[in-house]
Amino acid sequence: MKVGYNWLKEYIAFEWTPTELADRLTAIGTAVDGIEPVFDRFSNVIIGRIDKVESHPQRPDLNVCHVDLKGRGVTMVSGAPNCRVGMLVAAALPGARLPGVGDDMREREIDGVTSEGMLCSEKELGLSDDGTVLMEIDPEVYNVGSDLWKAYELDEVSLSFELTPNRSDCLSVLGIAREIAALADGRVRRPEVKIEEVRIANADLLRIEIDFPEGCPRYAGRLVRGGTVRPSPFWLKRCLRSAGIRPINNAVDITNFVMLETGQPLHAFDWSQFPDGRVLVRASTAGEKFTTLDDIERALPANSVMITNGQEAVAIGGVMGGVDSEVKPETTDFLLESAHFHPTHIRRTRTRLGLATDAALRFEKGVDPNGVIEALDRAADLYAQLTGGEVLADPVDTYPLPVEPRKLELDPERANRVLGTNMSTPTMINILSNLEFGVVTGKPPAITVPTFRPDIEREIDLIEEVARIYGYERIPIDRRGGGAMPTHRDEFTTAMQRARDQLEGMGLYEMVNNSLTDPKSTFVPTKQHVTMRNPLSAELSIMRPDLIGGLLGTVARNRNRQVETIPVYEIGRVFAMSKDSQTGFSEHTDLLIGLCGNAPTPGWGEPACTFDYFDLKGRVEEFLRHWLPSYDLEPSDEAPFTKGQSFRIASSGSGYGYLGLIDACHAATFEVKDPVWAAVINFDALVRQDRPVKRYTPAPRFPAAFRDVAVVVDPDTRAGDLERTIRDAGGEVVEGVHLFDRYSGKSIAEGKISLAFSISYRVPDRTLRDDEVETAHNNIVNALASKHGAELRK
């Protein structure tokens, strides 16, 4: 939702700058997340008057215009069709700077005639998309010789709002103005509507029938006859531009303007498409075909709200009009629609058709059912002014079950107890009155909740309204003990925090990614996807089946911002279809560790090096030693890891996860070119596992004996398997085993490698004799030879 700063000032008086206003609105929950200029800056563009128009002597498609700039004249060549004497135009002089053009404006010769600048269209000035004709300036409002930027006061900004779903009343300029009025202790100035109606009643020509009240509780219409479709005046284009909407023509722009102003979407039909004068609102049938304004034929779901002329559908109610009934340049008679559609039906239709319109957004969040006629009359008044049409009397309004405002009571004493304040009753009443709540003073005051605030259901909601406008910062802080005592954290929450502490202690940064993801971003087969019924978008249409997609997305964003070192982790839920579950899907918590880019250097002056498998393995081992008594890393080809560079984490016959290098093809779908190392661990299974018991081990009292053994083995022999054989064969006298060398090349047979281990021998109660050490060492050498075909390296 975007609103122009100057547009807001038309409805409420305030003196705050845009930044101050944004801060104040954000403080009361109407969050402003951006302030940006409405128009791109231009300079040295002067308002001029065309005094003379001549045909170009060499180019019949061009005109030579003599333009008065208040005291001095210039000659400019233009090919615009609307050049005429007496017309006020925008003249860009040499040195002018225009949006998208820069400051390259200069005198130039066009087939023998010197043009001292350029006469501009609105498009060339960045004011609209209309580049077919020259911009026409109102001579009754603006003076010749004035700087156009200053005269039009184009130095304006718009505010972008990030609204919570329950505040649909703020999806309008009047809604935001109402918030400002409460802050400024004022009242909203609503636009004055004075319709000069003709004697013919709308009911004489128009009939409205609702056969689908569940989808359309209210429908109203008005006729405007004899109007002309033409470009909108600049004030209207300006308002639309400040709200981020492209102006089209007066007929369409008025409905958009009123929607933005009041929050009530409207639609204008070509009245000639209703030959019987009948509007019938009905439900669609499944698979019914309809061609929308974007000229796409769509198959409709059942129970979409359809607006028809009694025979043919002309619009999908609340979503989009039809291509045949839209207002055309030659349209003279208009049917203005203002209706209330049920949010559920609009959202279901919009999501299934993949359509997102400003009208649908408002209807699905909730529009005031009692604001229909106010918006309709406002639009009819503007149609009379801007199209020149005549408005028929008394709108036709079909509203079988009117919605009544909710009645509540506000106890000021309770409000002060809840808030810890000493606010007076008049202060509370004034706040609610400025928010356009109905208030009848008494003990307690009776409050009528306007129907544009369906989120206000109880007295506590009224207290919250009073608190946010009064100012949370004005509520005193009570440092006395009170409230609920801290509760004991459950085992799983405690385990998660313990894991976070460990991982952050290793220098990893936590990621928090969306649980909804794009089906294209995962390696998991489609049949296992848990798909959303009504996704917000195709990119957020499934529950994430893994954490890898989130990791690669995070890596891509950070690498694009020149972040060189990316050591991260995430603990989150993942989802998969399951026939064994009552819900049809299963979910569990995974833990992910990811490394990409340059590893932290060990010290000053050390050369940079990239993360590798051993960086990942070291972190995984450090983490798991606190969670599993023992485990193995077994070779694996699990997707999406690179074949030959991934391992399965196994303990006591159960798998706990995988680690390795992410496959380059999968990483490439995120435009990640650098190696990404990752470990994925089933955190639920890890928490269920009995954790290692920490035991005290005294410092050794007796010396150790050390022996090295270097063996030649096949290259696919795992060092971990050799280590286990060494420990098993050496028995209790083996205190430690350390792999310190891997070698292939000279003196080693082709197709073989050498692995060298350092073995320490020690027992806690005495010093080992040499013969005991030799016996154990010989047992180890023999076991390596028999189990692995290892030969001692010579």
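Predicted model: local features only at pLDDT ≥ 70, side-chain atom pairs only at ≥ 80, totals over all residues.
**Stop 1: a helix with a charged pair**

Start by selecting helix α13, which covers residues 459–470. Show the side chains of Glu-465 and Arg-468, and you will find them meeting in a salt bridge, with 3.0 Å from N to O. Both residues belong to this helix and sit 3 residues apart, about one turn of the helix. Are they buried or exposed? Glu-465 is buried, because its relative accessible area is 4% and the cut-off for buried is under 20%. Arg-468 also counts as buried, at 4% relative accessibility.

Now widen the selection to Arg-167, Asp-169, Glu-179, Arg-453, Asp-455, Glu-465 and Arg-468. What links these residues? They are joined in a network of salt bridges. Side chains of opposite charge can pair when their charged atoms come close.

**Stop 2**

Next, select Arg-178 and Glu-436. Their side chains meet in a salt bridge, 3.1 Å from N to O. Where does each partner lie? Arg-178 is in helix α4 (residues 173–184), while Glu-436 is in the loop between α12 (425–434) and β25 (438–440). The two are 258 residues apart, and the pair links distant parts of the chain.

Arg-178 is buried, with a relative accessible area of 6%. Glu-436 counts as partly exposed, at 25% relative accessibility.

**Stop 3: a pair of strands**

Move on to Arg-222 and Glu-197. Here is another salt bridge between side chains, with an N to O distance of 2.6 Å. Arg-222 lies in strand β13 (residues 218–225) and Glu-197 in strand β11 (residues 197–201), so this pair ties together parts that are 25 residues apart in sequence. Arg-222 counts as buried at 2% relative accessibility, whereas Glu-197 is partly exposed, with a relative accessible area of 34%.

The salt bridges on this tour are among the 52 that a search of the whole structure finds.

**Stop 4: negative charge on the surface**

Switch to a surface view and select Asp-295, Glu-312, Asp-324 and Glu-326. What do these residues form? They gather in a patch of negative charge on the surface. To find your way in, centre on Asp-295, in the loop between β16 (289–291) and β17 (297–299). Asp-295 has 58% relative accessibility and therefore counts as exposed, since the cut-off is over 50%.

**Stop 5: two cis peptide bonds**

Return to a view of the backbone and select Lys-443 with Pro-444. A cis peptide bond joins them, with omega about -5°. Pro-444 is in the loop between β25 and β26 (446–449).

Then go to Ala-639 and Pro-640. These residues, too, are joined by a cis peptide bond, and here omega is about 5°. Look for Pro-640 in the loop between β34 (632–635) and β35 (641–651).

**Stop 6: positive phi angles**

Select Asp-111 in the loop between β7 (108–110) and β8 (113–115). What is its phi angle near? Phi is near 50°, a positive value in a residue other than glycine. Asp-111 counts as partly exposed, at 39% relative accessibility.

Now jump to Gln-562, in the loop between α15 (548–560) and β31 (565–577). Phi of Gln-562 is near 60°, again a positive value in a residue that is not glycine. Gln-562 is exposed, with a relative accessible area of 58%.

**Stop 7**

For the last stop, zoom out and select Gln-497 in helix α14 (residues 491–505). Gln-497 is partly exposed, with a relative accessible area of 28%.

How values were computed:
Residues numbered from 1 in each chain as written. Heavy atoms only, no water. Patch = residues over 30% accessible without salt bridge, like charges linked within 9 Å, V, L, I, M, F, W, Y side chains within 5 Å. Areas by Shrake-Rupley, 256 points an atom, 1.4 Å probe, with all protein chains shown as cover. Salt bridge = Lys/Arg side-chain N within 4 Å of Asp/Glu carboxyl O. Lys, Arg positive; Asp, Glu negative; His and termini not counted. Charge placed at Lys NZ, Arg CZ, Asp CG, Glu CD. Helix = DSSP H or I, 4+ residues; strand = E, 2+ residues; numbered from the N terminus. Buried < 20%, exposed > 50% of the residue type's maximum accessible area, 1.4 Å probe, protein only.
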